[in-house]
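Me: I've got a model open and want to talk it through with you. Can we start with the ligand sites?

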Amino acid sequence: MSKPVIAIVGRPNVGKSTLFNRMIGERRAVVEDIPGITRDRIYGKAEWNNKTFLVVDTGGFQHDPGEDISRQVNRQVLIAVEEADVIVLLMDAENGVLPPDIELIDRLRQSGKRAFYAVNKIDGPKKEKALYDFYSAGVDLYPLSALSGYGYEELMDRIAGFLPEEGEEAFAYPRIAIVGRPNVGKSTLVNSLLGRERMIVSPVAGTTRDAVDSICSYYRKKYIIIDTAGIRRRGRMAKTAERYSFMRTLKNIEDCDVALLILDASEGVVELDQKIAGLIFQAKRGAVILLNKWDLVDKTSLALKEIEERVYQKLWFMRYAPILTISALSRQRVTKLFTLTDKIIAEGAKRIDTHELNRFLGNMLATREPALHKGKRVKIYYITQIKTSPPGFVIFTNCREGIKEQYIKFMENRLRERFSFKGVPVEIYVRQKN
Ligand code: GDP
Ligand code: GDP
């Protein structure tokens, strides 16, 4: 089931990121510098009153932007509005209603989308007077302090009240998302998958968006290919309206079990590929890296292993994802995707027995213990698996700060050597135990 998307929009400096951070409620330091995540982290998962949704932070909207870059930001904001289910427009109590606010209000009215208008930086009841300056806007207003939380619960109750109840999964079939930048071969791949004779295409309705996913079968097993309608629709519109839709990519990734990241093997990994990979990583989804257009690659100059290594160097955080070389055009190896998807889902669902895990832990500690922390020995008492899809583990230690990122990485590698988990991310949490 597709998660609803809430977009936060407004002028620069009104408090959008502050509200965003409050909604996603995590301020965990990100250790690695992953493209599309650390520097411009703009989306996250949130929950309120048992409803879950995605929150998207957007750039500052400006009235009559002069510079190219601001025009581009404005365009992105409007795309976000178009693709979100609910919009929160933030204004700033210290400034009153300004032209960009008016413009956004007009746009939101035209969109017909459900919008909530909040006046931010109202840090307490005394400051509610500032609302008077906003009545001319003619919309319902919510006083808010994104910073202190004043008015936040009321706003969130109203937003959550508007969101659909968490639905049952439409089907239990594996859900495959095919993602990649323009021209890497997404539509070609989808067509070659769906075009095969033994595959039946039928629409699956019932997501919050108007897209239609396709079911296809391969040797009697059914799979859902996410948002092929979007891809085909775009194909029909030809190249005129070609644009990369960040939000659609994001939704498709969130909706899937396994994401197929398509790269153009003849061009290698570029920045946008890294960003899309970053989204898959952040969403903690199973993944396959598809090196498409393999027919165009000169296979005499580099060995496959070397080509793969180059890809992994650019997508170092996705080393867990297997690489498959394909040609969507000639259908070379494309049906391997189905068996690979099955395998990855099975890896993600694996549950390792606690005894076996602790035997593993003992062996691992015998080869390398965490380094001393402030002269103290760092012990790991035991490990247990707390979740699947993706697999998550907790280790208990006498010294939380003593378990460094490097050691976690080492542990993850050992876990993978022993238990595989090919194609899925692995999470390791550290808990203090005295
Ligand atoms: P953005 O550009 O819209 O994302 O705005 P930011 O979230 O970066 O906030 C801009 C500035 O306003 C920062 O200095 C925030 O600390 C401040 N700010 C955000 N929310 C509030 C609030 O509720 N009250 C006050 N007093 N300041 C706030
Ligand atoms: P999309 O924008 O990602 O959906 O990409 P398309 O499926 O529209 O493909 C872009 C171009 O790449 C088209 O001209 C395709 O014919 C071509 N293409 C796609 N897959 C392959 C392939 O495996 N080999 C070759 N040589 N060309 C391909």
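Me: Which helix gives the largest share of the shell around ligand 1?

Reply: Helix α1 (residues 16–24) does, with three residues. Helices here are DSSP runs of H or I with at least four residues, strands are runs of E with at least two, and both are numbered from the N terminus. Keep in mind that this is a predicted model, where local features need pLDDT of at least 70, side-chain atom pairs count only at pLDDT 80 or more, and totals for chains, interfaces and linings use all residues. Residues are numbered from 1 along each chain as its sequence is written, chains are lettered from A and ligands numbered from 1 in the order in which they are written, and side-chain values use heavy atoms, with hydrogens and water left out.

Me: OK, and which residues come nearest to ligand 1?

Reply: Asn13, Lys16, Ser17, Thr18 and Asp123, out of 14 residues around ligand 1. A residue counts as near if one of its heavy atoms lies within 4 Å.

Me: What polar contacts does ligand 1 have with side chains?

Reply: Among them, a polar side-chain atom of Asn120 sits 3.1 Å from a nitrogen of ligand 1. Oxygen atoms of the ligand come in too: one is 3.1 Å from a side-chain N or O of Lys121, and one is 2.9 Å from a side-chain N or O of Ser145. A polar contact is a pair of N or O atoms within 3.5 Å; within protein, one must be able to donate a hydrogen and the other to accept it, and residues adjacent in sequence count only if both atoms are side-chain atoms.

Me: How much of ligand 1 does the protein cover?

Reply: 71% of the 580 Å² of accessible area that ligand 1 has on its own. Areas are Shrake-Rupley with a 1.4 Å probe, and for residues only the protein chains shown count as cover.

Me: Now ligand 2. Which residues come nearest there?

Reply: Asn183, Lys186, Ser187, Thr188 and Asp295, out of 16 around ligand 2. Helix α5 (residues 186–194) gives the largest share of that shell, three residues.

Me: What about backbone atoms around ligand 2?

Reply: A backbone N or O of Lys186 is 2.8 Å from a ligand 2 oxygen. Polar backbone atoms of Ala328 and Leu329 also face ligand oxygens, at 3.0 Å for Ala328 and 3.3 Å for Leu329.

Me: How many bridges join β14 to β15?

Reply: Six, and the two strands run antiparallel, with β15 at residues 392–397. Ile383 stands opposite Ile395 in β15.

Me: Last one: is Arg310 buried or exposed?

Reply: Exposed, because its relative accessibility is 54%; the cut-offs are under 20% for buried, over 50% for exposed, and partly exposed in between (1.4 Å probe, protein chains only). Arg310 is in helix α9 (residues 304–314).

Notes. Pairing = 2+ DSSP bridges.
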